[in-house]
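Here are some notes on the model we discussed. They are meant to be read with the structure open.

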Amino acid sequence: MANKALRLAHNTPGDFFVDSTCIDCDQCREIAPETFGDGPNVATVYKQPATPEQLRRSLMAQLTCPVGAIGSEQKHDLTMGINSLPEQIEDSIYFCGFSSRNSFGASSYLIVRPEGNVLMDSPRFASRLVERIEQMGGVRWMFLSHVDDIADHAKFRRRFGCERIIHEREVRASIADIECKIKGDEPQFLGPDLVAIPTPGHTRGHMVLLYADKFLFTGDHLWWSPECQGLSASRAYCWYSWEKQQGSMERLLDYRFEWVLPGHGRRHQATSARMQQMLQHCMARMRQQ
Ligand code: SF4
């Protein structure tokens, strides 16, 4: 729950506000860009929601905020926001919302497929989200890109009996019971339409997931950057090896995809040819960092 006493001064006057507990995860700005904008290392409300659609998206942002930093003076019925999550991105791909503080507000996604749904990284185990996921067919597999974004994985396992997948290099004593541990650096087919691609660099055992040769779930390996208007990775957020991360980026040139769906950073859609071009530009920028 946001605290009115901690309301940041640079919020525009009115109903919605961001308080000083904001961790600048960027979720609200991506979900409701007509309401939330940049403050000094925090988000801010720069324009109060004025239409039903802006209110709906502001409520989605409020529900997704990992630290409860978004509040409102008026009491709002959250149903409209709850019913909008998970939100369809395209085809059978959904953004879960309900980010977890334990994964620093990372995005998670649901792939709905007849062979069994895949939950990509872990959202908060919020009862309203869990009910919605259950209505959409539950979770058969939970793909964990790396150890930082696993949040409530054990609760999802208990609720849905899903098989969790992570690279063995990410395993710690606390998650030794994860069902499926990918070994080595070779891509592995998890199904005819699902490829786990080891991308060491950000962490030792980071992996991305390619679905249907169209959707690339990139964890913290790669994202869209509004600043450079292209695909990006950051040396400042590379915890293991920048050289290895560059090698992992080059490996992605072997694949075709039209969506980049990251944990942190913005998602992006383009033709596969344009993605290849942007990947090349990203690699060139990485060499200069
Ligand atoms: S979603 Fe919450 S923590 Fe993240 S930037 Fe917005 S207000 Fe800050």
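1. Basis. This is a predicted model, in which local features need pLDDT of at least 70 and side-chain atom pairs count only at pLDDT 80 or more, while totals for chains, interfaces and linings use all residues. Numbering starts from 1 along each chain as its sequence is written, and side-chain values use heavy atoms, with hydrogens and water left out.

2. Cavities. Two cavities of 30 Å³ or more are present in the structure. A cavity here is a set of points, on a 1 Å grid over the protein atoms alone, where a 1.4 Å probe fits but cannot get out; lining residues have an atom within 4 Å of a point. Grid points are joined across faces, edges and corners, and the volume is the space filled by probe spheres set on the points.

3. Largest cavity. Its volume is about 90 Å³. Of the 14 residues in the lining, C22, C25, C28, A43 and C65 are the closest to the centre. Helix α1 (residues 27-31) gives the largest share, three residues; helices (H or I, at least four residues) and strands (E, at least two) are DSSP runs numbered from the N terminus. The lining has ten nonpolar, one polar and three charged residues, where Ala, Val, Leu, Ile, Met, Phe, Trp, Tyr, Cys and Pro count as nonpolar, Asp, Glu, Lys and Arg as charged, and the others, Gly among them, as polar.

4. Ligand. The ligand sits in the largest cavity, that is, more than half of its atoms lie within 2 Å of the cavity's grid points. Around the ligand are V18, C22, I23, D24, C25, D26, Q27, C28, A43, C65, V67 and I70, each with a heavy atom within 4 Å of it. This shell has nine nonpolar, one polar and two charged residues.

5. Second largest cavity. The volume is about 50 Å³. C25, D26, Q27, E30, G105, S107, G263, H264 and G265 form the lining, with one nonpolar, six polar and two charged residues. The second largest cavity lies between domain 1 (8-52) and domain 2 (85-288), because both give residues to its lining; the bounds come from an automatic or database domain assignment.

6. Sheet. An open sheet of six strands runs in the order β12-β13-β14-β15-β18-β19, with mixed pairing (two strands pair if DSSP finds at least two bridges between them). The edge strands β12 (188-191) and β19 (268-269) each have a single partner, so one side of each is left without a neighbour in the sheet. Within the sheet, β15 (residues 215-219) and β18 (residues 259-262) pair in the parallel sense over four bridges, and L216 stands opposite V260 in β18.

How values were computed. On a 1 Å grid over the protein atoms alone, a cavity is a set of points where a 1.4 Å probe fits but cannot get out, and a pocket is an open set with protein on both sides within 12 Å along at least five of seven lines; lining residues have an atom within 4 Å of a point.
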